[in-house]
Amino acid sequence: MPSKTEKLLSLLSGQPVIPVLKIANLADAVPLARALARGGLPAIEITLRTADALEAIQLVASEVEDAIVGAGTILDARQFGEAAAAGSKFIVSPGITRELLAAAKDNDVPLLPGAITPGEIMAAREAGLRFLKFFPAEQSGGIASLKAFASPLADVKFCPTGGITDKNASDYLSLPNVICVGGSWVAPDDLVKAGKWGEIEALARAASKLGR
């Protein structure tokens, strides 16, 4: 049986950018997920920062066959359970707690927790996790920090998120311990509000080719 890390890697390592989405209007969820998938970014993170987030996850999971939908901004075990029940294929948290680790241990849905210090990374590693979110990336030393972790924590891989744009994504993706990056630039609020799915698809297509 594959480990949770292997499960996460199989879901996320196929694309360089994981779109981080805040769904303000439920009607946007399905066409947005479809546009991103058509552009080559099927794995998406819908953050629990809006009232409709769980319903958006449910809609995408049931209606967009090509999408691999995950839930982000998960802060506790209750949210973990709700997101998993809604159809999330992976769970993303800004940090790491004993409660979240326990919830993840009892669930088949893999957890991508945030970690920025050596102690947090080692705690996640102790729990059997080898693939972590590095958040907030730019504010926490960015590329220099990740380079420093590469040797002493050589078996841990990261998905940096926070301050990642089309301008610096390739620099992050060039690091040996970076699998993918999380970013919101592929689905700008103004394009989503205007329903410009073709333009979002084009942004996704460009992002899908980064680091290759």
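Reader: At what angle do helix H4 and helix H5 pack?

Author: In this predicted model, H4 (residues 77-85) and H5 (residues 98-105) pack at about 30°, and their axes are 9 Å apart. Angles under 35 degrees count as roughly parallel, so that word describes H4 and H5. The crossing of H4 past H5 is right-handed.

Reader: Which residues make the contact?

Author: From H4 come Ala77, Arg78 and Phe80, while H5 brings Glu99, Leu100, Ala103 and Ala104. Sorted by class, the contact has five nonpolar residues, two charged ones and no polar ones.

Reader: Now to the rings. What describes a pair of aromatic rings?

Author: Two things do: the distance of the centres and the angle of the planes. The structure has three aromatic pairs. Take Phe134 and Phe149: their ring centres are 6.1 Å apart and their planes stand at 80°, so this pair is edge-to-face.

Reader: Where do Phe134 and Phe149 lie?

Author: Phe134 is in strand S6 (residues 131-134) and Phe149 is in helix H7 (residues 142-149), so the pair ties together parts 15 residues apart in sequence.

Reader: Which geometry do Phe134 and Phe158 have?

Author: They form an edge-to-face pair too, at 6.0 Å centre to centre with 75° between the planes. Phe158 sits in strand S7 (residues 157-160), so its pairing with Phe134 of S6 links parts 24 residues apart in sequence. Together, Phe134, Phe149 and Phe158 form one aromatic cluster.

Reader: Is Phe149 buried or exposed?

Author: Buried, with a relative accessible area of 9%; the cut-off for buried is under 20%. Phe134 counts as buried at 0%, and Phe158 is also buried at 0%.

How values were computed. Residues numbered from 1 in each chain as written. Predicted model: local features only at pLDDT ≥ 70, side-chain atom pairs only at ≥ 80, totals over all residues. Heavy atoms only, no water. Axes fitted to C-alpha atoms, helices over the stretch in contact; angles between N-to-C directions. Helix = DSSP H or I, 4+ residues; strand = E, 2+ residues; numbered from the N terminus. Parallel < 35°, antiparallel > 145°, perpendicular 65-115°, else oblique. Left-handed = near helix turned anticlockwise from the far one by under 90°. Contact = heavy atoms within 4.5 Å. Nonpolar A, V, L, I, M, F, W, Y, C, P; charged D, E, K, R; others polar. Phe/Tyr/Trp six-rings, centres within 6.5 Å; stacked < 30°, edge-to-face > 60°. Buried < 20%, exposed > 50% of the residue type's maximum accessible area, 1.4 Å probe, protein only.
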